[in-house]
Amino acid sequence: MPSTPSVLYDGTLTVTAGAPGPYSFVSGNTTLQTNGADCVPALLVDLSAIAADEEFEIGLFEKVLSTSAASKAIQTWTVGKQASGEPLLLTPSVPVLHGWDWRITRIAGSADRAFEYSIRVV
């Protein structure tokens, strides 16, 4: 029987001009997380606020073992202004266990940018 999708975290995350990041979509700020919830999350983020000269890196990070000292990138995406008119990024769902976090870091650009997001699980 299929599971019903639900929202684990959602909100608006602001990447400020003076602090490129990384920022956590789980905490909504620069406090990086090691969420221990066993789940299969996907991130949906609205990229329409990005200007033509800006780039951001979005990634899923997790510890390999529950005893690992730090989480490492599972996969990252570099995103900029979406010329195609499709400003949403929906990542694949990935099984996680040992301390995970979705993060965003500014690569280029200098203005404050607010991103609406939703971390969904099935």
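Begin by selecting tyrosine 23 together with isoleucine 104: the latter, in strand E7, is the bridge partner of tyrosine 23. The model on display is a predicted one.

**The open sheet**

Next, colour strands E2, E7, E4 and E5. In that order they form an open sheet of four strands, and their pairing is antiparallel. The edge positions belong to E2 and E5; each has a single partner strand, so one side of each lacks a neighbour in the sheet.

Now examine the pairings on either side of E7. Between E2 and E7, which run antiparallel, there are two bridges. E4 and E7 also run antiparallel, and eight bridges join them.

**Serine 24**

Return to strand E2, which covers residues 23-24, and select serine 24 within it. Is serine 24 buried or exposed? Its relative accessibility is 0%, and serine 24 therefore counts as buried.

Display the side chain of serine 24 and follow its polar partners. The side chain of aspartate 101 is joined to that of serine 24 by a polar contact of 2.7 Å. The serine 24 side chain also reaches the backbone nitrogen of valine 26, at 3.0 Å.

Which residues does serine 24 touch, once those up to four places away in sequence are set aside? They are Leu13, Asn29, Thr31, Leu32, Gln33, Asp101 and Trp102. For a sense of scale, select glycine 109 as well: the C-alpha atoms of serine 24 and glycine 109 lie 19 Å apart in space, and the two residues are 85 apart in sequence.

**The nonpolar core**

The last stop is the largest nonpolar core, a group of 25 residues, in which Phe25, Val45, Ile58 and Ile104 touch the most other members. At least two residues of this core come from each of the following strands: E1 (6-15), E3 (41-46), E4 (55-62), E5 (72-80), E7 (100-108) and E8 (113-121). The greatest contribution is that of E8, with four residues. In soluble globular proteins, nonpolar side chains tend to be buried together.

Finish by selecting valine 45. Beyond its neighbours within four places in sequence, valine 45 is in contact with Phe25, Ile58, Pro87, Leu88, Leu89, Phe115, Glu116 and Tyr117. Ile104, where the tour began as the partner of tyrosine 23, is another of the core residues that touch the most other members.

Key:
Residues are numbered from 1 along each chain as its sequence is written. This is a predicted model: local features need pLDDT of at least 70, side-chain atom pairs count only at pLDDT 80 or more; totals for chains, interfaces and linings use all residues. Side-chain values use heavy atoms; hydrogens and water are left out. A nonpolar core is a set of buried Ala, Val, Leu, Ile, Met, Phe, Trp, Tyr and Cys residues joined through side-chain atoms within 4.5 Å. Buried means under 20% relative accessible area, exposed over 50%, partly exposed in between (1.4 Å probe, protein chains only). Contact means heavy atoms within 4.5 Å. A polar contact is a pair of N or O atoms within 3.5 Å; within protein, one must be able to donate a hydrogen and the other to accept it, and residues adjacent in sequence count only if both atoms are side-chain atoms. Two strands pair if DSSP finds at least two bridges between them.
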